[in-house]
Amino acid sequence: MIGSPESPGVLTERLALVAGVYSAIARDGRLRLVIGSRFEDFGPAEPWKSELLKRLVTGAADAADGREAELVGRLREGGWLTTEVLRDGVPLYAVQPTGRPEAIAYAEPGGKAVLSRFAVVHREDGHLVVESPLSWGRVHLHDPALFGVVGGVGAGGPAARRLERDLLRTGLAVTGDEDEDEARLRQWSVHELWFHRRSRLGDRDRLGGGYGRTRWADGVYEEPPFRREPYPGEPIPLYRPDLAELRHGDPTLSAVVEDRRSVRVHDDAAPITLEELGEFLYRCARIRTVSSENGGHLTGRPYPSGGSAYELELYPVVRLASGLDAGAYHYDGHDHVLRRVREPGAETARLLATARQGTLVRAAPQVLIVVTARFGRLMRAYEQMPYSLILKHVGVLYQTMYLVATAMGLAPCGLGGGDSRTFNAVTGTGFTEEGAVGEFMLGSRPASTHTEKP
């Protein structure tokens, strides 16, 4: 601990360019600062500007004259400068802009101020960082004693009061709970707003971090195998439909799209057959192609996938199917076979019951297809956005499964959530290595389904 917020001492500040900023000279001879996808022009490129920027890189810049002071002011207004607050020359904390500072109205210290409910505190590069998806800046705490100020906002003392002002002006703190009672904010849970903000071009991009397919893990971590290690169960061969015959015999795309419905009730008197399940899986998720790229492998399936990573796996959990015993299975799209993962029991029953409860029907589905992601297949190549991309893949897979099931006359229904922990208990997989990201009910279609919802 460096000290306490109430310790006496002289507070000063030090300015430095935000890490990751670089300067360039545009074709028209103007000085330009760039970070990520953001840039701003600062007039004609002149030697004195370059010298000032060099001094700002190390945080050792003081404006020598009026023109330098004017440029420093513009840099501050544009969010290009980190402001570090020191006490007797010892760093206390730093305010790092993630965008152009916004004019946020706030009460003077002494009023009611609380940490925003969207703010989070986490460790980064050995320091505590306070940030929020609604703020234009982040605060790095160098002095651990200031953590109490962040929690209470307003612990007294010059350093605490200065930190409180900075938390308020960045939007990391608000002047009262009522400030976040508006419908536009109350409609968001904390994790969903963070997910929305951080999976789009934004904070990390402005900080110079990667966004998109950067392949950041190449040469650092071993690539997960493109094919999941088979489960030890005896392979169950599946029916392979004649695609040429399907091209001529299937209903038209227009008919399938218009007839698609979520059918939540199944006909247990004539359940789905192993042959139907095999055709369904073949048409939706088989491995069609395997290719090599930069020493790795890419696959192709009937639905699209970013970077051809195809991180999704399918696990049919069977309650009732003609020709197939109950239990949990893994679909191997390479060999087009099923392998049993778990005998029917409490965990598989819980997965089926959760699906039933989610649709408010009396009977559990005949087959629940748990869609999982082998996260490392995608997350090793993409930054900021991989989980968002995984959910997009789940969406296109859902639509593929809906259309195929409709064409086959089966009963499909995509679910909005499921029990990830129970899935990991069933398969013995690690929660952060492979996890459930979607659930899809499938079964035989009852004679009348006119009451089903779209």
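Which residue in E19 is the bridge partner of proline 316? The partner is isoleucine 369. The views below come from a predicted model.

**View 1. The seven-stranded sheet is open and antiparallel.** Its strands follow the order E13-E18-E17-E16-E19-E22-E21. The edges are strand E13 (236-237) and strand E21 (410-415), and each of these pairs on one side only. In a sheet, backbone hydrogen bonds are what pair the strands, and the pairing can be parallel or antiparallel.

**View 2. Strand E16 pairs with strand E19 in the seven-stranded sheet.** E16 covers residues 312-318 and E19 covers residues 367-374. The two strands run antiparallel and are joined by seven bridges. One of the bridge pairs is proline 316 with isoleucine 369 of E19.

**View 3. Helix H14 packs on the seven-stranded sheet.** The helix spans residues 420-427. H14 touches E16, strand E17 (327-332), strand E18 (337-342), E19 and strand E22 (434-444). The directions of H14 and E22 make an angle of about 90°.

**View 4. Tyrosine 231 and tyrosine 315 form an aromatic pair.** A pair of aromatic rings is described by how far apart the centres are and by the angle of the planes. Here the rings are 5.9 Å apart, centre to centre, with 80° between the planes, and the pair is edge-to-face. Tyrosine 231 belongs to the loop between strand E12 (212-213) and E13, while tyrosine 315 is in strand E16, so the pair ties together parts that are 84 residues apart in sequence. The whole structure has nine aromatic pairs.

**View 5. A second open sheet has six strands with antiparallel pairing.** The strand order is E1-E5-E6-E10-E9-E8. E1 and E8 are the edge strands; each has a single partner strand, so one side of each has no neighbour in the sheet. From one strand to the next, the twist averages 25°. Helix H1 (residues 47-57) lies across E1 and E5 and runs at about 120° to E1.

**View 6. Two antiparallel strand pairs belong to the six-stranded sheet.** E5 and E6 are joined by five bridges, and leucine 86 has proline 91 of E6 as its bridge partner. Strand E8 (residues 120-124) and strand E9 (residues 127-131) also pair over five bridges. E8 and E9 form a hairpin with two residues between them. Aspartate 125, in the turn, has a positive phi of about 50°.

**View 7. The largest pocket has a volume of about 540 Å³.** This pocket is lined by 16 residues, and the closest to its centre are Leu243, Leu246, Asp250, Arg283 and Val404. Helix H8 (243-249), helix H9 (253-259) and helix H13 (386-408) each give two or more residues to the lining. H13 gives the most, with four residues. By class, the lining of the largest pocket has nine nonpolar, two polar and five charged residues.

**View 8. The second largest pocket has a volume of about 410 Å³.** Its lining is made of 19 residues, and those nearest the centre are Ala19, Thr82, Ala94, Gln96 and His140. At least two lining residues come from each of strand E1 (11-17), strand E5 (81-87), strand E6 (90-97) and strand E10 (137-141). These four strands are also part of the order E1-E5-E6-E10-E9-E8 in the six-stranded sheet. The largest share of the lining, four residues, is from E1. The lining of the second largest pocket divides into seven nonpolar, seven polar and five charged residues.

Technical notes. Residues are numbered from 1 along each chain as its sequence is written. This is a predicted model: local features need pLDDT of at least 70, side-chain atom pairs count only at pLDDT 80 or more; totals for chains, interfaces and linings use all residues. Side-chain values use heavy atoms; hydrogens and water are left out. Two strands pair if DSSP finds at least two bridges between them. Contact means heavy atoms within 4.5 Å. Axes are lines fitted to C-alpha atoms, for helices over the stretch in contact, and angles run from 0 to 180 degrees between N-to-C directions. On a 1 Å grid over the protein atoms alone, a cavity is a set of points where a 1.4 Å probe fits but cannot get out, and a pocket is an open set with protein on both sides within 12 Å along at least five of seven lines; lining residues have an atom within 4 Å of a point. Grid points are joined across faces, edges and corners, and a volume is the space filled by probe spheres set on the points. Ala, Val, Leu, Ile, Met, Phe, Trp, Tyr, Cys and Pro count as nonpolar, Asp, Glu, Lys and Arg as charged, and the others, Gly among them, as polar. Rings of Phe, Tyr and Trp (its six-membered ring) pair if their centres lie within 6.5 Å; planes under 30 degrees apart count as stacked, over 60 as edge-to-face and the rest as tilted.
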